[in-house]
Amino acid sequence: MLRTLGKLTIRNKGMRHYQTLQSLIKSSPYTENLKTDPKVPTPGQVTEKLSKIPRQLGENGGFFTYTYPTERKSYRFLSASKRALEDLNLDPINEPKSKYFQDIVSGKEVVKDDKIHPFAMAYAGFQFGNFAGQLGDGRVINLFQVNGKDNKEWELQLKGAGKTPYSRFADGNAVLRSSIREFIISEYLNSIGIPTTRALAITALPESKAQRSIVEICSIVCRMSPCWIRIGHFDYCRMIGDRDLLFQLCDYLNNKVLRNEYSKELNDFLENDENLKEFGELTNYDKLFLDIIIKNSKSVSYWHAYGFLNGVLNTDNTSVLGLAIDFGPFAIMDKFDPNYTSNSEDHELRYSFKNTPSAIWFNMIKLAESMAEILGAGPELINDENFKKYGYPNDEAIENAGKRVNKLIKIAGDIFEKIFIEDYLRLICNRLGIKPRENDNAEILTILFETLQITKLEYNKFFTILQEIKLRDDTNFDYDLAASKFLTDDLKLEGKEEEREKIIKELKSFLAVFKLRVEDEMLTDEERFNRCVNYNPKFIPKNWILQEVIDYTDDKLRNNASDEEISLYINKIMKMSENPFDKSKWGNELKELENKWISDVDDSKLMLQCSCSS
Ligand SMILES: Nc1ncnc2c1ncn2[C@@H]1O[C@H](COP(=O)(O)OP(=O)(O)OP(=O)(O)O)[C@@H](O)[C@H]1O
């Protein structure tokens, strides 16, 4: 059903003025500023053949094709994220109950007027190191832009909304399993401060089924992000081989997305980094490149600090804003193991914990290669109309450009490494409740990670136990007692004495070093606690917990249960995921389940892997 936009309405709840989703909708600058698929230049030219049937865009390809969500027999609204609603300045209680909201986030109602029309983006990508050609939104349909809180702009899209020209051989569907996983982890990452794309709402399509390893119920996640552009968009420009396209993409990012405001870190480097100063004047394209590098490096440090693994860090899953994106076989590492990969198909450990920084750096190199022509130009050539039209004037200019790009990549590499190391150290120190120090961080971190690796204790839980231990208030500090607080019930069993002793010994050595550090900083236990409590979540959405939510919801849907019953587990896990530091916001319902989800489990449930099938 296609419908035009309604009038602006504003609801007033108490002192707060909430908007309605309908009132926030604007056209997407993506369609306004980037080249369209030449076969569907305007929404008026949308046909099923051109907009729903997979095809290659070819040499003349643009950045998107107007299309529309596939109509389904039935929809069942499951849940909305309160935090996402608040970020859009929507009433978190009443808005998700409104028919308009539910119809939009499920793809039942389509907003369309002379400026707004749903569309699918074209991109390409390097998958597991190899170029995979044209990819694009094969099951994602972009809706429109909305203006949220503090005037922040968000692009809304539906994942699992049916086929597009970019579906290749696949069915355009997302299954309930992967949608629930994506819905929860997006909002969880946001709640613990990791830059991420967001999930506004999730809908089940009970009468639409998709064949994966078994037949599964389909689902739609309504996602939101300030920008959905990936490194794969640059791969796409390179594949098409059209300089105008590349300029258009860079200009769009610079002017419309970043608005020529780069990260604080880039500005600091521009002011202080000797190599950059020596390099000379930078163009805005150089700055864009470096900013993408910095944002991605920062994100990797966050992922590392919390043990988050995406599982498939291909260039098409790497956001130019460094946002976590596309949640397939992800996991939050249960135990510290550098070789852990959450993707059961990642036999080479390409996307394992230890290889995550180099996987992202590989993607940054692909970005540099795609941007090379523009990065090589420098301030003298970049605004030259002849260069824009015909490229480099001669061999000498090409050679100089090559040298310039290589130099810039070298500087970018140093920046990537520096930011990653500094931020990672800072984040781990935050989690320990100590102040980062330039020289001795490496030492304390080495001991910490050795302890975690040898003891095989739960990674994230380790920090929450440590923050509670009184290191200073107690004048007769008892190392054995303190170390025993880390032990799981399983380790306390008879027959585990040897293992227990080994773990206690390790923990005592760590605690001795850590205690000295805390004393040296003259930190009281309370100060240390206050410093780290908001960095150490009390709830982690582990794979086995997500699976319980999926199994429960799937069963209720198949048995056509009531709305309240169907959403019971999703709503519970969302309360915990949106407030992972604050148990008082987890609600009074399902307390037994809540306790189970934060309790120790046997090892068979930990360090699980998932497949890419979604
Ligand atoms: N079931 C499907 N139907 C159509 N296209 C699909 C399907 N599954 C994956 N694709 C496409 O295959 C490519 C790689 O898939 P991947 O799983 O990385 O992306 P995705 O999860 O579909 O989307 P996103 O990256 O936007 O979250 C993308 O172009 C994607 O659109």
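## A hairpin and its strands

In the hairpin of β11 and β12, five residues lie between the strands, and aspartate 150 there takes a positive phi near 55 degrees. Strands here are DSSP runs of E with at least two residues, and helices are runs of H or I with at least four, numbered from the N terminus. This is a predicted model: local features need pLDDT of at least 70, side-chain atom pairs count only at pLDDT 80 or more, and totals for chains, interfaces and linings use all residues. Residues are numbered from 1 along each chain as its sequence is written, and side-chain values use heavy atoms, without hydrogens and water.

Strand β11 (residues 140-147) pairs with β12 in the antiparallel sense over seven bridges. Two strands pair if DSSP finds at least two bridges between them. Valine 146 has tryptophan 154 in β12 as its bridge partner. On to the next pairing. β12 and strand β15 (residues 215-225) run antiparallel, joined by five bridges. Here glutamine 157 has arginine 223 in β15 as its bridge partner.

## Enclosed strands

Six of the seven residues of β12 (residues 153-159) are buried, so the strand is largely enclosed by the rest of the structure. Buried means under 20% relative accessible area, exposed over 50%, and partly exposed in between (1.4 Å probe, protein chains only).

Strand β6 (residues 76-80) has five of its five residues buried, so β6 too is largely enclosed by the rest of the structure. β6 pairs with strand β14 (residues 198-211) in the antiparallel sense, over four bridges. Phenylalanine 77 stands opposite threonine 203 in β14.

## The ligand site

The ligand is surrounded by 21 residues; Gly136, Arg139, Lys159, Arg230 and Asp326 are the closest. To count as near, a residue needs a heavy atom within 4 Å.

Polar contacts are pairs of N or O atoms within 3.5 Å. A polar side-chain atom of arginine 223 lies 2.8 Å from an oxygen atom of the ligand. A polar backbone atom of glycine 138 is also 2.8 Å from a ligand oxygen atom. For a polar side-chain atom of asparagine 317, the distance to a ligand oxygen atom is 3.4 Å.

## A buried glutamine

Glutamine 467 is found in helix α16 (residues 459-468). Glutamine 467 counts as buried because its relative accessibility is 3%. Leaving aside neighbours within four places in sequence, glutamine 467 is in contact (heavy atoms within 4.5 Å) with Arg528, Phe529, Cys532, Val533 and Asn536.

Definitions and conventions. Polar contact = N/O pair within 3.5 Å; in protein donor to acceptor, adjacent residues only side chain to side chain.
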